[in-house]
Amino acid sequence: MFFRIIQRDLLLAMRRRADVLTTLFFFIIVVSLFPLGVGPEINMLRTMAPGVVWVAALLASMLSLGRMFSSDYLDGTLEQMLLSPQSLPLLVLGKALAHWLVTGVPLVLMAPVLGIQYDLPGEALLVLTASLLLGTPVLSLIGAIGAALTLGLRGGGVLVSLLVLPLYIPVLIFGAGAVEASAAGLGAGAHMSLLGAFLLASLVLAPWTAAISLRISME
Amino acid sequence: MPTLQGNNLSCVRGDRRLFRDINFSLDAGGLMQVHGPNGSGKTSLLRMLCGLATPAQGEIRWGGTEIRALGGNYFGTMTYLGHLSAVKDDLTAIENLRISSALAGAEIDERKAHEALQHMGLGGRELLPAKVLSQGQRRRVALARLMVCRTELWILDEPLAALDTHAVKLVQGLMERHLKHGGMVVMTTHQEIEITAAATQRLQLA
């Protein structure tokens with residue numbers, strides 16, 4: 001069932017390609033605006049690159065959070081998910097992973113190309129991409145909790161950012177920090193381990209918390 | 001087959017009490033029609049019966065055990081069809097039916113889904129995305145689930161809304177067959193409809 005849900009969400013995303021592309025183009029444009037605004041000061045661009053790419057990834061991933069449950073909520077599919085004999089946390093995990101595949105993976109693939117705009121050296125590009133690969137699933141998983149809590153609320157979009165952005169801070173610090181640490185010659189190992197730990201913890205806790213939030217929101 | 005029981009159920013919405021002290025007991029082959037004017041709490045009662053909402057007071061038992069305690073085991077024996085059809089606009093009728101059946105724990109193959117949709121009068125429209133179907137046709141896609149599920153208890157909220165007379169007959173036939181095989185149906189409807197069942201009870205809400 002877990003794979004059926006992923007398959008279904010990917011199929012729906014394929015039929016609504018505009019939604020997927022909006023997120024990706026948002027990411028590309030935000031990252032590209034900074035060099036234009038700051039000017040061609042190469043050293044400065046290099047130092048700010050990881051932070052800018054990571055903040056843009058946070059915002060882009062948040063942009064699409066509202067859609068994670070709301071369309072299923074509006075047409076009644078979510079009720080059926082809650083009444084399914086299958087485990088709800090597993091269904092939520094499937095939806096969060098589908099969200100990551102649709103919004104997170106394109107960002108990860110795009111990041112090295114955008115990093116070139118900031119004249120990042122090869123090794124830094126590699127670390128940046130790896131940190132995004134570990135970090136973006138965490139964003140989708142934590143985001144699922146926020147999306148579940150704000151389901152059906154008016155102005156839920158703003159509320160979800162207030163709820164979720166503070167929780168994204170550790171991911172941002174260690175994700176962007178990984179690139180800086182490797183540039184400083186300290187090695188990105190420690191930061192990557194922490195990102196991996198965040199990923200494992202959120203894989204276990206987030207689906208379960210989001211499932212409880214969904215039950216509360218649907219009462 | 002277990003019995004569905006409601007004991008002293010009451011429902012509060014905001015500071016308004018919709019109903020109180022509702023008692024009923026539904027056995028195999030039994031049909032319960034819930035009646036009442038708009039806003040009398042029919043949908044709220046049905047949502048309680050399927051476990052989506054918690055009663056303000058009282059308890060609902062399935063086979064003697066509280067449905068909260070049964071959790072997934074209860075969901076596996078019950079089919080709920082609400083106001084919202086749970087039909088996805090971007091999926092075809094056949095995809096919709098197969099996914100909703102899988103979600104309900106009873107995977108079906110393409111052929112079976114095809115047959116069910118054909119029986120519901122959607123032959124030739126199985127491969128159209130649901131967004132081009134009419135309101136009544138979408139409802140038929142949702143109701144096709146009743147043909148392929150193997151659950152004992154059906155909880156149907158206004159199943160006949162938006163259906164034409166031919167489809168009403170079809171659904172009526174489905175329910176009668178289900179009841180004859182010992183299933184149970186709890187439903188609300190504003191239409192006058194005669195369904196033959198071993199035991200029919202009416203529940204009147206204020």
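**Ground rules.** I kept to the numbering from 1 along each chain as its sequence is written, with chains lettered from A and ligands numbered from 1 in the order in which they are written. Because the model is predicted, local features need pLDDT of at least 70 and side-chain atom pairs count only at pLDDT 80 or more, while totals for chains, interfaces and linings use all residues; side-chain values use heavy atoms, with hydrogens and water left out.

**Entry 1: a helix pair in chain A.** I looked up α7(A), residues 122–149, and α9(A), residues 189–218, whose axes lie 7 Å apart at an angle of about 15°. Helices here are DSSP runs of H or I with at least four residues, and strands are E runs of at least two, numbered from the N terminus. Axes are lines fitted to C-alpha atoms, for helices over the stretch in contact, and angles run from 0 to 180 degrees between N-to-C directions. The two helices are therefore roughly parallel (angles under 35 degrees count as such).

**Entry 2: the antiparallel sheet of chain B.** I found an open sheet of 4 strands, ordered β2-β1-β4-β5 (chain B), with antiparallel pairing. Two strands pair if DSSP finds at least two bridges between them. At the edges stand β2 (16–26) and β5 (65–66) of chain B, each with a single partner strand, so one side of each has no neighbour in the sheet. Between β1(B), residues 4–13, and β4(B), residues 57–62, I noted 5 bridges; B:S10 has B:Q57 as its bridge partner in β4(B).

**Entry 3: the parallel sheet of chain B.** Next came an open sheet of 5 strands with parallel pairing, in the order β6-β7-β8-β3-β9 (chain B). Its edges are β6 (78–81) and β9 (199–204) of chain B, each with a single partner strand, so one side of each is left without a neighbour in the sheet. From one strand to the next, the twist averages 10°. I also looked at β7(B), residues 153–157, and β8(B), residues 184–188, which pair in the parallel sense over 5 bridges. There, B:D157 stands opposite B:T188 in β8(B).

**Entry 4: where the chains meet.** How many residues are in contact across the two chains? I have 29 residues of chain B in contact with 27 residues of chain A (contact means heavy atoms within 4.5 Å). The area buried between them is about 2500 Å², with 55% from carbon and sulfur atoms. Buried area is the accessible area (1.4 Å probe) that two parts lose on being put together, summed over both.

Technical notes: Parallel < 35°, antiparallel > 145°, perpendicular 65-115°, else oblique.
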